[in-house]
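I opened the model and started a notebook page on its cavities.

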Amino acid sequence: MSIVDELGSVGIKDVKKVYHNLDYDELYKHEIDHHEGVLTKSGTVNVDTGIFTGRSPKDKYFVKQPPSEKYIAWGDINHPISKEIFDKLFEKAKKELSEKELYVQDAFCGASKNSKKSIRVISEIAWQAHFVKNMFIRPTSDELKNFKPDFTLFVASKTTNEEWKEQGLNSEVFVVFNIEENVAVIGGTWYGGEIKKGVFSMMNYWLPLEGKLGMHCSANIGNDDDVALFFGLSGTGKTTLSTDPNRALIGDDEHGWDDEGVFNFEGGCYAKVINLDKDSEPEIYEAIKRDALLENVVVDENGEVDYNDKSKTENTRVSYPIYHIKNYCTTLQAGHPKNIIFLTADAFGVLPPVSKLTKEQAMYYFLSGYTAKVAGTERGITEPVATFSSCFGEPFLPLHPTVYAKLLGEKIDKHNVNVYLVNTGWSGGAYGVGKRMSIKATRSCINGILNGSINSAEFETLPVFNLSVPKELDGVDKNILNPRNSWKDKEAYDKTRDKLAKMFIENFKKFITKESNYSSYGPQL
């Protein structure tokens with residue numbers, strides 16, 4: 001069956017032409033000819049994703065039906081939708097995609113042959129096909145000959161759902177999943193990240209049911225085959241810190257962990273570029289060249305990009321194939337990790353730059369998934385706001401967070417993994433008083449973990465949070481290792497510390513059960 005006939009069989013009618021698995025040069029030509037973006041001096045096209053410059057988590061729904069309904073953790077993250085409403089939204093998308101020229105891009109998600117899934121993305125926009133080609137694993141020509149998708153994503157950005165109020169939905173935007181039919185549909189938003197995170201969410205559904213762990217983390221590997229994982233929410237430094245000239249990058253955002261080891265879900269990177277600096281982040285800066293794709297950056301009439309301009313959004317992005325990074329792991333997979341690093345950007349200035357966790361503390365901080373938003377990043381935020389996102393990626397977890405935590409704990413035990421908490425946020429005071437931890441200082445903390453020198457340091461235990469911190473570490477000012485020492489006003493530190501501790505304690509109450517209770521390994525007041 002031809003691809004046009006396949007589309008017709010699902011209800012996409014009278015397709016004018018299908019551009020199936022175009023190469024980069026062809027996609028580039030379509031983007032320019034159709035005025036989908038602006039060419040920059042680097043040779044990269046910059047696209048504008050319209051009013052949506054980030055995900056729409058309140059518009060994400062799963063069809064509530066057996067057997068998946070008994071596994072999904074329904075609530076604020078995973079919203080239920082009826083099969084009837086899903087079918088109506090799918091019909092809207094199919095109508096939008098009918099009688100058009102369409103782009104169909106095939107790819108793999110998952111570098112492990114035992115865990116990967118075949119995905120197909122259908123859209124009417126060339127740059128979205130380009131995004132898929134960048135972000136997922138590109139099949140060989142032989143693999144494409146017999147390619148059959150395990151999962152299909154229909155992207156109908158130009159349509160909206162006018163009946164959302166009557167249907168009890170959140171808005172005219174929809175990102176809907178039918179697990180049993182292996183289909184997802186996106187409507188009303190152009191943001192590329194919805195495609196990426198939609199597939200990530202599905203991997204996080206499938207893998208744990210097979211005893212495998214899906215993770216929102218970056219990963220790299222050293223010359224001694226020592227693997228490190230970097231968990232963290234957006235803005236904490238996952239991409240920056242895992243991109244290391246002395247270590248091969250496995251991937252910057254989404255990974256699985258099966259019986260063979262760690263593997264990248266993706267074949268590309270999706271990096272934030274706000275305030276991108278050539279000297280601080282040279283690998284990412286140099287990756288922005290032809291075949292990369294910029295989103296929502298500000299470009300002048302000469303094609304010059306101003307990475308410091310956040311007038312469109314602070315969430316400016318670039319996607320690029322992972323081979324744009326000079327030092328990357330060509331197999332996109334490796335063995336079991338030696339070190340796990342939880343990254344947090346603590347805008348309260350309370351947490352130390354680095355601390356070593358016990359396995360039980362690791363479970364606590366993994367379930368907590370803490371970082372903090374700073375003043376000015378969102379309307380109405382005038383002081384730091386604590387953000388708790390379980391497993392450092394709760395918006396992408398269809399199952400209950402404890403499912404992923406249990407798997408992580410089992411793997412930490414089985415493979416004897418070291419776990420650390422690293423604060424890439426503020427020191428010497430909260431946001432507005434203290435300063436952001438320098439990348440140089442954070443790099444030194446990471447280096448101490450990876451080269452093992454942190455293990456020979458003398459440690460002290462911080463009150464309340466009971467975190468074990470080194471008194472000295474090569475390349476780090478010892479006055480910031482204990483955060484209280486870096487504050488001029490010690491009383492203010494104590495008050496802020498206790499305030500944050502209360503937030504942790506309150507947030508963790510939802511994870512306390514008769515069978516499992518890690519609360520004693522978190523802050524104690």
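First, a note on classes. I count Ala, Val, Leu, Ile, Met, Phe, Trp, Tyr, Cys and Pro as nonpolar, Asp, Glu, Lys and Arg as charged, and the others, Gly among them, as polar. I also note that this is a predicted model.

**Entry 1: the search.** I searched the whole structure and got 3 cavities of 30 Å³ or more.

**Entry 2: the largest cavity.** I read its volume as about 80 Å³. I then listed the lining: R55, S56, P57, K60, V175, F177, E194, K197, G198, S201, P395 and F396. Helix 6 gives the most, with 4 residues. By class, I have 5 nonpolar, 3 polar and 4 charged residues in this lining.

**Entry 3: the second largest cavity.** I read about 50 Å³ here. Its lining holds F200, N204, L213, G214, M215, H216, F366, C391, G393, L397 and Y404. Helix 6 and strand 11 (213-221) each give two or more of the residues. Which element gives the most to this lining? I found strand 11, with 4 residues.

**Entry 4: classes in the second lining.** How many charged residues does the lining of the second largest cavity have? I found no charged residues there, with 7 nonpolar and 4 polar. Gly counts as polar, and I see G214 and G393 in this lining.

Note on methods. Residues are numbered from 1 along each chain as its sequence is written. This is a predicted model: local features need pLDDT of at least 70, side-chain atom pairs count only at pLDDT 80 or more; totals for chains, interfaces and linings use all residues. Side-chain values use heavy atoms; hydrogens and water are left out. On a 1 Å grid over the protein atoms alone, a cavity is a set of points where a 1.4 Å probe fits but cannot get out, and a pocket is an open set with protein on both sides within 12 Å along at least five of seven lines; lining residues have an atom within 4 Å of a point. Grid points are joined across faces, edges and corners, and a volume is the space filled by probe spheres set on the points.
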